[in-house]
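Please consult the sequence and the structure alongside the text.

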Amino acid sequence: MENGNTENTEKPAQNGGAPPQNGNGEMCMSLNAVNKWYGEFHVLRDINLEVCTGEKLVVCGPSGSGKSTLIRCINRLEEHQEGRISVNGIELNDDLKHIDEVRREVGMVFQHFNLFPHLTVLQNLTLAPIWVRKTPKNEAEEMAMHFLKRVKIPEQAAKYPGQLSGGQQQRVAIARSLCMKPKVMLFDEPTSALDPEMIKEVLDVMVELAREGMTMLCVTHEMGFARTVADRVIFMDEGQIVEENNPEDFFNNPQNDRTKLFLSQILSH
Amino acid sequence: MDDSQQQQPAALQPPKIPWRRDPAVRALFFQGALIAALLWAIVTVAGNTARNMEERGIKIGLHFFDDVAPFSIPLDFFPFWSFTLGESLYWEVFVIGVQNTIIISVFGIIGATALGFFVGVLRLSPNWLVAKFAAAYIEAFRNTPLLLQLLFWNFAVFLPLAPPPRQSWTLGESFILNKAGLYLPNPVLTGIGTVIFTVSAVAAIAAIIAMRKWAKKRQEETGKPFPLFFASLAVLIAAAVLALLFAGEQVSFEYAELKGLNYRGGARLPLIAFALWFGLTAYTAAFIAENVRGGIVAVAKGQSEAARSLGLHHGATLKLVVIPQAMRVIIPPTISQFLNLTKNSSLAVAIGYPEVVNVWAGISLNQTGQSLVIMAMTIGVYWVLSLLTSAALNYYNTRVQLRGR
Ligand SMILES: Nc1ncnc2c1ncn2[C@@H]1O[C@H](COP(=O)(O)OP(=O)(O)OP(=O)(O)O)[C@@H](O)[C@H]1O
Ligand SMILES: [Mg+2]
């Protein structure tokens, strides 16, 4: 626990003092002393996290450490019981209006894509703009084609998700989120259900998105991606953030024993 | 040399199977045997019955169709084909029975589907009380015999609840409710009145279709939704009011009047028909609700999470994402519930609703003794109805199947 203590004293200084270089300093997301339980099980323990607009965070950690739970709390797919979460100044509480607003600001990409199999690719992309943003259909379709071009599969627009490869499906899922013009994108292990040759095509899209200045919070074990894109890497274990650093120091000079062990396991294969 | 050359092609051919072990031959044999046994059973039973009937002096045939049916149908409300004591013939009894079966089945299916979907969705509500209430409904209705439920609704609820004719509940002259049913004014159109009403009905339908098209187009162009349901309702009401004004003298209403012990005239929705509809609907809806629940649960959790993370509300998520996918799980067992409802409508015998089993396989058979013909026809009715229902729903089912799966 010594480690945890020293870090807790360091963190506020780091966040308050020098905002990470890529962000423009404007606060985009903040989690304040967040705690969450599944019944008796304490999944998130005293999470404090601040993310500036334009910042890219990579979250890693062993299985079951609460990474998915953390990012699912940020768009209210899970409820936290203690502490405060706010996104773009909107506080996430039981107010349904706030939840709606936050979900419109935050896009989410899932490990298993979760495309709607009964709709074509184009319909997958236009569904939310039409029904949530009340965008005219033509406009929504134009925008959908625009984002399909950006993820490099405009020719698949008329197909059904079941007719695409995994990599193509995940790119459609990214485009689907982008169609809602989110301010923040959450990724939950977006490449871990993919074959190796498809991982790259998805990561390329994500790198490009990062270059364009999207605020991103990404759970991933793709260390190459973390090194090129991340401003900060966060390591979680047993529901706690145990280490937080820039990628260079995180990988080359990890402080925490659990981080060291984890990195040695990941990098060994 | 010769030997080996001749053996070569033989070895390439599949080895010969003894016919006893050939699945195709076996299948053919068993099917043949089954058909033969069935035919034998039918011929024996039919022959026996025919001999019995002849001994009792009944000539088998269709000749009784044109005899006058010497009984009255206990309740006759169907507007298209009505029964007149002492005039109506046996074949008309059959037609009336079939149409009453179809009517109760169609309305029952509509009611059960609507209620079943509603309860099935409530069953999964995040609200604990609502979900438990739906669960209690489903368990209570699925786990008691339908016959008991029909008797209960008719004899324990609706009949005691409704007042006798002399103390009818009335709303002005127009609406009268008592043990016999609900009486409504019966519109009588004369002269140009019929034309006016037909024209206005057609115009209203055309207007609604045009409005739907326009609303869809507008939503696609501007994103603005349109309250189609209420607008359609308004159009219908406006058309009816306009037609009434224009028709003036040419339309009159025949009101039900108390004559002796009962009301006569007007249009009547019999209480028995309502009780039967209510019972069949409530019972079948419990099964459909379970199908709906099962179908929704079968849709992966990730689907509604994805929809919610895109900002869709609970209702829109259900309507646009979950239910369309759940349909392919829901439809097949729901088809069989529709067929069950149709068959179950024959339990109406117990409360006196004049559907086909009651008036044809019951009363008419007793009167004529023509069991062979009448039973075959009654069974045929259910077969045809079943085949039609399955065909319609299978067609729909193939349309909701997922592509690329
Ligand atoms: N709905 C739930 N009910 C109870 N426990 C849960 C639930 N969801 C997750 N958990 C538990 O919470 C812990 C954290 O889960 P979470 O999915 O956040 O882990 P993770 O870090 O994303 O792991 P992975 O790398 O395997 O995806 C796990 O121990 C898991 O078993
Ligand atoms: Mg996870």
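A polar contact is a pair of N or O atoms within 3.5 Å; within protein, one must be able to donate a hydrogen and the other to accept it, and residues adjacent in sequence count only if both atoms are side-chain atoms. A polar side-chain atom of A:Thr69 lies 2.4 Å from an oxygen atom of ligand 1. For A:Ser63, the distance from a side-chain N or O atom to a ligand 1 oxygen is 2.6 Å, and for a polar side-chain atom of A:Glu189 it is 3.1 Å. Taken alone, ligand 1 exposes 640 Å², of which the protein buries 58%; these areas come from the Shrake-Rupley method with a 1.4 Å probe.

The model is predicted: local features need pLDDT of at least 70 and side-chain atom pairs pLDDT 80 or more, whereas totals for chains, interfaces and linings use all residues. Residues are numbered from 1 along each chain as its sequence is written, chains are lettered from A and ligands numbered from 1 in the order written, and side-chain values use heavy atoms, without hydrogens and water.

The residues around ligand 1 (a heavy atom within 4 Å) include A:Tyr38, A:Phe41, A:Lys67 and A:Ser68. Helix 2 of chain A contributes the most to this shell, with three residues. Helices (H or I, at least four residues) and strands (E, at least two) are DSSP runs, numbered from the N terminus.

A:Arg76 lies in the loop between helix 2 and strand 4 (82-87) of chain A. Because its relative accessibility is 8%, A:Arg76 counts as buried, a term for values under 20% (1.4 Å probe, protein chains only).

Methods. Buried < 20%, exposed > 50% of the residue type's maximum accessible area, 1.4 Å probe, protein only.
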